[in-house]
Amino acid sequence: MPADNAVEQLANERVDHRFKALPPDAEGLTVGELAAQRRNLFTGGFTTPVLALSAESLEHNLALLETYAERHGLAFAPHGKTSMSPQLFARQLERGAWGITAAVPHQVRVYRAYGIERIFLANELVDAAALRWLAGELDRDPDFRLVCYVDSVRGVELMDEALTAAGATRPVEVVVELGAGDGARTGARTEADCTAVADAVAATGTLRLAGVAGYEGEVPDATTERVRDWLRRLVTLAAAFDKDGRFAGAEEIVVSAGGSAWFDAVADVFAEIPELSAPVLKLLRSGAYVSHDDGHYKHLTPFNRVPQEGALEPAFRLWAQVVSRPTPQQAFTNAGKRDAAYDLDLPEAQVVRDARDGELRPATGITVTGLSDQHGWVRTDEGADLEVGDWLGMGLSHPCTSFDKWQLIPLVEADGTVTDYIRTFF
């Protein structure tokens with residue numbers, strides 16, 4: 001099914017009990033019909049807690065990374081595991097993305113269901129069942145391209161065995177993953193290890209070496225210079241492989257890195273890549289930018305180091321209702337671990353919507369101190385204005401674990417108008 005058609009079909013899904021916070025009186029409508037009503041998030045019958053994605057900030061972030069990649073001569077395959085939303089993938093592709101990055105086979109299958117033609121799999125794939133499916137998918141669609149990590153001789157052997165058994169007719173493109181250092185995550189640890197993996201790839205008929213890649217976010221005790229040093233190792237490895245003729249006949253050579261914390265260093269070092277025997281696809285893979293956040297990535301974003309290049313905007317706000325005010329120093333909301341990301345930072349109280357008149361005021365003297373499964377623990381300073389029934393708007397940290405708690409997320413304009421609903425598949 002063409003990507004546009006498949007994404008459009010999401011609007012035909014029926015609204016029912018599966019989707020948190022949607023208006024009970026919308027039961028039975030399609031998502032598209034509900035979106036066409038342009039209800040207000042606060043007065044349109046939504047129940048709390050409810051997660052809102054800012055339409056304006058989302059558009060700003062999409063545009064910013066598009067122009068950033070263009071300005072620095074980078075191709076862009078944003079990591080889709082952040083949102084797992086085909087609607088957002090479509091918008092990223094419209095904004096010039098080369099393709100979408102995945103981490104596991106399930107994600108690749110979701111992408112294919114929505115017509116994604118280019119996928120970068122940032123993991124070594126050794127699952128025989130998944131490789132059998134992949135072989136069939138490559139045979140079925142000549143326009144489908146997947147590039148996958150390899151980081152061990154054993155992994156190459158397992159891939160070759162599974163693909164051979166599956167009768168694969170198209171080789172799977174692979175990039176050797178250079179580990180970010182001792183104690184880092186995946187990846188071959190030394191250049192000699194990388195060479196051994198490349199030799200193993202060359203000995204197969206089911207795999208084709210397409211380039212090199214890695215993830216600089218795992219550099220131990222990362223500093224700008226340590227990250228740049230590792231990126232230069234990656235570039236040097238690509239040049240060495242090319243000099244040895246390992247990319248002979250290739251139409252392009254893939255060199256890929258780039259999470260959401262160091263893409264400025266990636267841009268700078270990739271600009272130093274020398275001329276190789278084929279054009280170089282300089283592939284950036286940042287994903288968290290799409291919604292950004294009010295915590296972890298707010299502090300880590302490279303735009304803090306290069307403010308002249310722009311600034312991302314946090315696009316998520318979680319609205320919960322105060323359900324208990326047992327003491328002057330304490331309140332409880334109805335949003336907890338089931339609703340809010342908490343793996344990196346607790347939600348940040350930002351604004352209160354008064355239950356009486358709907359007026360907004362800053363959440364002065366109000367702090368989220370903990371989360372139970374279905375309750376938020378809130379400390380209130382002397383004089384803090386917060387009552388039972390008020391709505392508390394909170395900023396969140398870590399986009400990935402914000403998206404994955406909500407299957408259908410209202411896309412909300414600044415005045416509270418809900419214009420669409422973002423479907424996720426985790």
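This is a predicted model: local features need pLDDT of at least 70, side-chain atom pairs count only at pLDDT 80 or more; totals for chains, interfaces and linings use all residues.
1. Largest pocket: size and centre. The largest pocket of the model has a volume of about 560 Å³. Its lining is made up of 29 residues. Those nearest the centre of this pocket are His79, Lys81, Arg185, Tyr215 and Gly259.

2. Largest pocket: contributing elements. Two elements, strand S4 (118-124) and helix H11 (296-300), each provide at least two residues of the lining. Helix H11 gives the most to the lining of the largest pocket, with 3 residues.

3. Largest pocket: residue classes. The lining of the largest pocket divides into 12 nonpolar, 12 polar and 5 charged residues. Lys81 and Arg185, two of the residues nearest the centre, belong to the charged class because Lys and Arg are counted there.

4. Second largest pocket: size and centre. For the second largest pocket, the computed volume is about 350 Å³. This pocket is lined by 20 residues, and Ser54, Arg317, Trp319, Glu413 and Ala414 are the closest to its centre.

5. Second largest pocket: contributing elements and classes. Strand S1 (50-54), helix H3 (55-71) and strand S10 (316-327) are the elements that supply two or more residues to the lining of the second largest pocket. By class, that lining holds 11 nonpolar, 4 polar and 5 charged residues.

6. Cis peptide bond. The peptide bond that runs from Thr48 to Pro49 is cis, and its omega is near 0°. Pro49 is located in the loop between helix H2 (31-36) and strand S1. Strand S1 is also one of the elements contributing to the lining of the second largest pocket.

7. Positive phi at Arg38. Arg38 is a residue other than glycine with a positive phi, near 50°. Arg38 lies in the loop between H2 and S1, and Pro49 is likewise placed in the loop between H2 and S1. With a relative accessibility of 45%, Arg38 is classed as partly exposed, because this value falls between the cut-offs of 20% and 50%.

8. Positive phi at Met84. Although Met84 is not a glycine, its phi is positive, at about 45°. Met84 is situated in the loop between strand S2 (75-76) and helix H4 (86-94). Is Met84 buried or exposed? Its relative accessible area is 0%, so Met84 is buried, the limit for that class being under 20%.

How values were computed. Residues are numbered from 1 along each chain as its sequence is written. Side-chain values use heavy atoms; hydrogens and water are left out. On a 1 Å grid over the protein atoms alone, a cavity is a set of points where a 1.4 Å probe fits but cannot get out, and a pocket is an open set with protein on both sides within 12 Å along at least five of seven lines; lining residues have an atom within 4 Å of a point. Grid points are joined across faces, edges and corners, and a volume is the space filled by probe spheres set on the points. Helices (H or I, at least four residues) and strands (E, at least two) are DSSP runs, numbered from the N terminus. Buried means under 20% relative accessible area, exposed over 50%, partly exposed in between (1.4 Å probe, protein chains only).
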